[in-house]
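Thanks for coming. Please have the structure open.

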Amino acid sequence: MPMLSINRSLHLKILSGIIVFGAWEIAGQIPVSFGFPTFFESMAALADMVLDGSLLHAYSDTLRPLAIGLLISAFAGIAIGLWIGLSSWFDWLFLPIFIVMQAAPLAALIPLLVMVYGIGLTSKIFVVCIMAMPVIVLNTAGGVRNTPTNLKEMGRSFLGTEKDIILKVIIPSASPIIFSGLRLGASAGFIGAILSELKITPTGVGDIITYSRSIADYPSMYAAIFSIIVLAVVFLNLLERLEKLLFEGNVRGYASD
Amino acid sequence: MGTHQTRVGGDPSDIPAAAVSARNISKTYGDVEALKNLTLEFPRGQLTSLLGPSGCGKTTLLKIIAGLLEPSSGEVEVNGIPVTGPGPDRAFVFQDFALLPWASVLRNVAFGLELRGIGRSEREGIAERYIRNVGLAGFEKSFPHELSGGMRQRVGLARALAVDSQVLLMDEPFSAVDEQTRRKFQEDLLGLVAEENKTFLFVTHSIEEAVYVSDQIAILLPRPSRVSEIIRPRGLRDKDVADIRRDPEYLDIVDQIWASLRFYVE
Ligand SMILES: Nc1ncnc2c1ncn2[C@@H]1O[C@H](COP(=O)(O)OP(=O)(O)O)[C@@H](O)[C@H]1O
Ligand SMILES: [Mg+2]
């Protein structure tokens with residue numbers, strides 16, 4: 001039975017891949033716009049960039065602010081979220097900041113960041129954090145707040161300390177919502193990393209996109225965009241694996257691609 | 001009233017000393033007066049039911065005894081020691097089971113021992129024994145969502161038994177399971193009271209259930225909340241579990257309780 005469902009979901013993924021890429025190929029053949037390459041042209045450009053090492057080089061630039069920003073966002077975001085969720089006072093004080101941050105148009109903030117932190121790594125890390133952190137904080141705080149009272153009471157009645165209850169009851173109970181925050185935050189972080197390369201200084205994958213567009217090398221441009229999407233999907237899948245590994249009984253089929 | 005019952009103060013010679021005593025307990029939530037000056041003793045080694053219509057403060061009283069809630073006034077003693085919070089002498093069985101959904105049956109049952117800092121192999125050994133005792137052998141690795149309501153409450157019961165507390169606090173433990181399972185549970189509970197030397201505090205809103213399982217029944221009435229009556233069935237404990245429901249004493253007590261309670265049922 002599990003074997004069957006794994007097979008079925010794999011088949012579905014392959015099928016939907018074929019449909020999407022097929023539609024892309026057809027749209028490129030028509031073409032819907034003269035700047036829209038076919039699927040195979042893009043894949044060929046992708047293969048070229050992988051083989052000549054330029055893609056790898058680009059990712060070594062792009063991944064640095066992305067990885068640092070996501071790590072900071074995950075750890076600080078969960079910590080701040082716990083803090084806010086556990087005390088009603090911080091809720092009132094800090095929650096509005098993250099709600100505003102989540103709603104703020106990022107593009108408007110970038111000139112400010114550049115003014116303060118320059119055009120280097122720091123500004124790019126900030127962009128990733130601003131994109132990724134609010135949803136992680138808000139989800140963590142919400143998950144903590146929504147821990148069933150009876151589970152907390154159970155922990156207390158069986159002599160759990162405050163720390164036991166946070167680590168063994170509240171965090172695992174909030175984990176589905178925390179992980180969904182991490183997934184949303186990670187996708188936003190990917191967007192932030194590319195956006196910062198498009199808006200601050202063209203480096204890495206953002207540079208490939210900007211440069212190939214300026215010389216009308218659309219297959220390379222789409223190949224770069226495609227590669228970042230693939231990377232994001234792979235990363236989200238890894239996150240989901242981690243969640244299943246950590247909190248098996250919590251995952252009841254709601255978490256999938 | 002019948003001759004086979006004792007009221008408070010009558011014939012105390014055969015009543016064991018109290019394991020738990022609640023004295024002059026009052027509890028108000030805002031302006032809701034949940035309990036008012038309630039005094040009640042729970043004899044050691046026996047099962048005492050708290051019976052009453054919903055909203056009369058049964059859960060509140062049980063949580064105060066558990067140390068999960070502070071009374072507005074009054075005090076609770078367990079074995080002569082005043083209660084200031086949860087303690088190793090009391091274990092709670094929750095109405096809605098309160099199982100950790102992310103943890104296996106084994107970990108859930110061992111959770112009380114885990115919180116007490118007992119090493120993994122030791123606590124899992126103990127938990128396995130109690131899982132067998134409640135009839136869940138083979139389900140150690142299952143998760144709560146894979147079990148029926150009755151099985152989940154067996155997990156909750158095993159968790160409470162595993163910490164080996166003197167006093168078991170059970171808040172309507174069988175109200176969320178189906179009728180057949182419930183009857184089986186009631187029989188098993190009688191066996192448990194007979195063989196374990198523990199004091200049971202059992203909340204229920206079912207008259208039949210209270211009379212079937214109890215050594216002592218405290219009837220709680222609302223507005224103002226108080227213990228209105230204490231009934232001690234006499235001859236039922238020596239009967240075979242299958243015969244209790246046909247026993248004239250059983251039927252009498254059920255009728256008598258209904259007569260006192262019907263006034264409060266809208
Ligand atoms: N946390 C609470 N806040 C306010 N009122 C409460 C709270 N818990 C219980 N009450 C009120 O106290 C009364 C007794 O409740 P409870 O002890 O749950 O009764 P029972 O278990 O007998 O049904 C009810 O009127 C209920 O509405
Ligand atoms: Mg109740």
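How many residues of chain A are in contact with chain B, and how many of chain B with chain A? This is a predicted model, and in it 20 residues of chain A contact 27 residues of chain B. Together the two chains bury about 2,100 Å², with carbon and sulfur atoms giving 67% of that area. On the chain A side, A:Phe158, A:Leu159 and A:Lys168 supply 33% of the area buried against chain B, more than any other three residues.

A:Lys168 also forms a salt bridge with B:Glu114, where the closest N and O atoms are 3.0 Å apart. The count between the two chains is two salt bridges. Helix H7 (149–157) and helix H8 (162–199) of chain A each give two or more residues to this side. H7(A) gives the most, with seven residues. By type, the chain A side divides into seven nonpolar, seven polar and six charged residues.

Now to chain B by itself. Its domain 1 covers 3–89 + 166–264, and its domain 2 covers 99–164. The C-alpha centres of these domains lie 26 Å apart. Between them, domain 1 and domain 2 of chain B bury about 920 Å², 62% of it on carbon and sulfur atoms. B:Leu168, B:Phe185 and B:Lys198 supply 39% of what domain 1 buries against domain 2, more than any other three residues.

Which salt bridge does B:Arg154 form? Its partner is B:Asp188, with the closest N and O atoms 3.5 Å apart.

Note on methods:
Residues numbered from 1 in each chain as written. Chains lettered and ligands numbered in written order. Predicted model: local features only at pLDDT ≥ 70, side-chain atom pairs only at ≥ 80, totals over all residues. Heavy atoms only, no water. Contact = heavy atoms within 4.5 Å. Buried area = accessible area lost by both parts, 1.4 Å probe. Salt bridge = Lys/Arg side-chain N within 4 Å of Asp/Glu carboxyl O. Helix = DSSP H or I, 4+ residues; strand = E, 2+ residues; numbered from the N terminus. Nonpolar A, V, L, I, M, F, W, Y, C, P; charged D, E, K, R; others polar. Domains from an automatic or database assignment.
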